[in-house]
Amino acid sequence: MYWLLSILILVLMMATLAVTGDSVLPMSPFSEASAYFTIWPFLIVIAMILLFISQWCKWRIVSSDKINVQAVDQLTGKKQSILTKTSSQNPALIKSLSRILCYPLMALLALLLVVGSGLQVLHSHSQAEDTKVTNAMRVQALVTIEGISDSVYDPANNSGYRQVATVSYIAPLIAELSAQDLNRLTLEQVLARSSDDSNSSQNSNSQNNIASLSKHRILLSAYPKKSTDFSNFDSLNTLQPGDQVLMSMSLAPLASSQDAINNPTGFDSYRWLRARHIDGAATILSVGKPFGNSVDESNTVLKNLSSADSYLKRIRTRIDQGRWQLRQTFYQDWSSFTPDQQQARAVTLSLLTGDRSLINRETKDLYQLAGISHLLAISGTHVLFLAIIMAALAVLIFDKYFPTLYRYVPRWQLRWVVMISAAFVYALFTGFDVPAARTAWMLLAIGAMRLTLLPVSTMRVLLALAVIMAWIDPYVLWQAGYWLSFVAVALILKYDASLNDKDSQGHMQSDLKARQPQGLIDSNFAKAYVSFKRLFKLQCWLFIALLPITLMLFGKASLWGLVINLFAIGLFGWVIVPLNLLAGLCYLIAPSIATSLWALVISLVSSLHELIIWLTSMPALSKAWLYTPVNSAILIMAGLVLIPWLLPRGLLSRWLALPPLSLLIMTVYANQQAITFTPTLYVLPTNDSYISAAVMQYPVDTVSNDNKAKPQSISWLILADHRPKDTRTMASTLSADKLAAILEQQLGTLTIKRLEGIVVQTDATLLAETAMQLSQHLPTKHYWQAGKIHVANGLNNDEKPSISMQECIADKTWQSGDSKLKIQALTGWSTIDDASVWDCSLAIKSDQPILILQYNAADPLQSPVLISQHLTDASVSNTDNIDSRTDASPLANPQAITNQSRLVLDASTHQRLWQLWSLLCTVDTSLVSASGAINSTDNISNTMQTTWLAHSGSNVPKTVLIAQQVQQVLSYDNKTLETAFALDDNAGSNANNQEQTIE
């Protein structure tokens, strides 16, 4: 019941969070009343009562049974059974009454826990809704810095500033304010405004008073821009925790979870920010002079502003200031170090305080590829190491100077108090993230169990702690660290328990004897072998067990992690982390010794980076990512597979894991089939509204050596930059490396390992470089490039191009071997010295319908269909050159519709492109005969449905849509196309005129 109830509570809270996060719930009386009380303390009390009643009932039921006491006759050696009763009353009656009273009461308390858990989620959601930012606006406000920033402002490295802060005294920004203007706004003006608000509140209701003094916890951001002078942003790096500063900013609400589909990596920023209790986002416009820690403590204004802060909050601020000071020590003379040295120092700081603000994107990607990104976070190992070191030092001091203390306090209790004190202080110093907090609370709970002599296993303590942490903060369930931390520790505890069982049966001794040749190998070597064998088994066990969760949370998993973790965990856990913690302790006493130790740690980390780069750059082992779509159903099946292995041996047969394992394999294979063998065009997000990327997957049958047809997929990647040439737009912030990495990951999730071809529809240098990089990682047969080839060949590539370019010009054609798929260039005239007519629009003709989806990185199997505009029949048939009695649309005659389809990918960035097409291609594709009837040419059949895919900013003439017989219009950015609207309106008016003429 213990496990079942705990898992039921967590599942219910996850489901409630999902419902509240994806939809707007109506206000209820509970939502209004929940602001005045907290539910989770009552849940803890109910849980304790439930545990007490369950233990009492268990004792009463057991005590009512007959106890068989064995007595041994010393003379004869024979055993005699003495039957006794615990009471003179009827034991069967006591047992029945105990069950009748206990079971309904326990069921009622369990129901209260389940319902209360759901209400706690609603309570937290209601509080979050009350404080969230609802409207986008430009404001000026008083900003209070919380904690240390997530990154530093560094224009040289294109690094932006991100900081969690609290904004108050918000006022609309009427005019632009410079840093000098903000400096002229004194703190007394802020105090005067608060005084006015407090005076006016006496004549108004409390609700208006709360609105006037509302606060929001937001994520501030400022990024370098070439077009604007943001030199005053350099002062952002000097802001300490607790500082207050006047800022003007652009405040915006959080993006919803539905907007995560537009993220190329599938990262759900809404859930990530909500888990950090952030109400909105803000872009900094200007920064004033900070005041706070730099102002004299006698300042009455500061006292008024900080008087409401709790004692614990002030302690937390002091701890965060210590973290900030330590960062400044590592950041000192930062520009004088090489990039490799900078990142080694950044990783060293992260391993000490959990501050990853100095780590760049390349280093994070390197650790992700190596499968050791979890080592960058402060885990339970860091906290436990420091707790053990501090406890050992304390015991050493007390043993030498205060031995009489042990007369009153046992040694283990003293060591336990020191360990939990050091654990909580260090966890606070590192940000009190889930892994560190879990370790600190575990030390406290296990010590309390030993102190009270309660027979509770460590696994149950772990599960109870997971539930309690979810009760206190339900949004912690949206943190990946919560699940990975608790599941990993549970697996380690289970593995350790199984090893203890084997050791108790003497398996270790037999293993040592079997592996030790007689008289040749020392016993120490044999022990080392057994230890390595256990470590390898544990690593494989953790990798396999955590693989479904990792794929579900991040969408990919690195196969390198299975190998690199074998030595990286030992190197970090037994060498780097202890030296780093020792240097941190020495920093408080002897900074010079700490500097020497940190130099050693930095050199070790730098060498490790070089080794990982060398390993991951090996061509034979370059494919290290595992991409498999994982949803909740697959996760449940994986859990069913692991249950027989997690339960005690003999409770369930491990052969029972075969049915769910078979079902899991078939489900994964079916998902791969659904992705690979359905004609689909995926529109891939790129983080740039003007740059489009689409991949076409088409199934074909190939004949193998044994003359058997094998299904295979043909994939074409199509790239375009839709920035109009006749208007001025902002340049793209993407780089070729970043875009290539995004596309490679997206193609990997779609199980695309090779490309039939890449088409760059516009003469954009960024896209040409991206195509070159992709062709070096994915085998590619064809590469079509719009524009002049000699321009593209002038790209600066460090490596020799792995594929030759071909001009993407009008009438260029590719066709599959079975003639079921045909790709033809409709436009593109690079011989004309005018870049506006170089864009290469494509027509894809297929004998099967092509499904057009908006790629969802979080779950490719659930990729939604693009929003489409269906043109009316009149919009296609009623023209000046086409007889209105001729029905050109296949939609008007459903019997004429076939499976054939035609998809046009428009890449025009200027009106001149399609105007030239109309002049040059009238005879071939106007589809209008001399009698006014539409010709059924080989290019476009009157039974083929034509779909038009373009950017919403495309200004293609409506005559082109008519000539191409377009029935459906879609856009890359999922917005409406103005030309289609105009065509529909014109068609509607023509249809009305026809009806009036007929009448």
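## Strand pairing around β7

Strand β6 (residues 244-252) is joined to β7 by six bridges, and the two run antiparallel; strands here are DSSP runs of E with at least two residues, numbered from the N terminus, and two of them pair if DSSP finds at least two bridges between them.

## Basis of the model

The model is predicted, so local features need pLDDT of at least 70 and side-chain atom pairs count only at pLDDT 80 or more, whereas totals for chains, interfaces and linings use all residues. Residues are numbered from 1 along each chain as its sequence is written, and side-chain values use heavy atoms, with hydrogens and water left out.

## The disulfide

One disulfide is found when the whole structure is searched, the term being applied to a pair of cysteine sulfur atoms within 2.5 Å. C808 and C840 form this bond, with their sulfur atoms 1.9 Å apart. Because the torsion about their S-S bond is about -50 degrees, the disulfide is left-handed. C808 lies in the loop between β15 (806-807) and β16 (813-815), while C840 lies in the loop between β17 (821-825) and β18 (842-846), so the pair ties together parts that are 32 residues apart in sequence.

## Burial of cysteines

Both C808 and C840 are buried, a term that means under 20% relative accessible area, computed with a 1.4 Å probe and protein chains only. C586 is likewise buried, because its relative accessible area is 18%.

How values were computed:
Helices (H or I, at least four residues) and strands (E, at least two) are DSSP runs, numbered from the N terminus. Buried means under 20% relative accessible area, exposed over 50%, partly exposed in between (1.4 Å probe, protein chains only).
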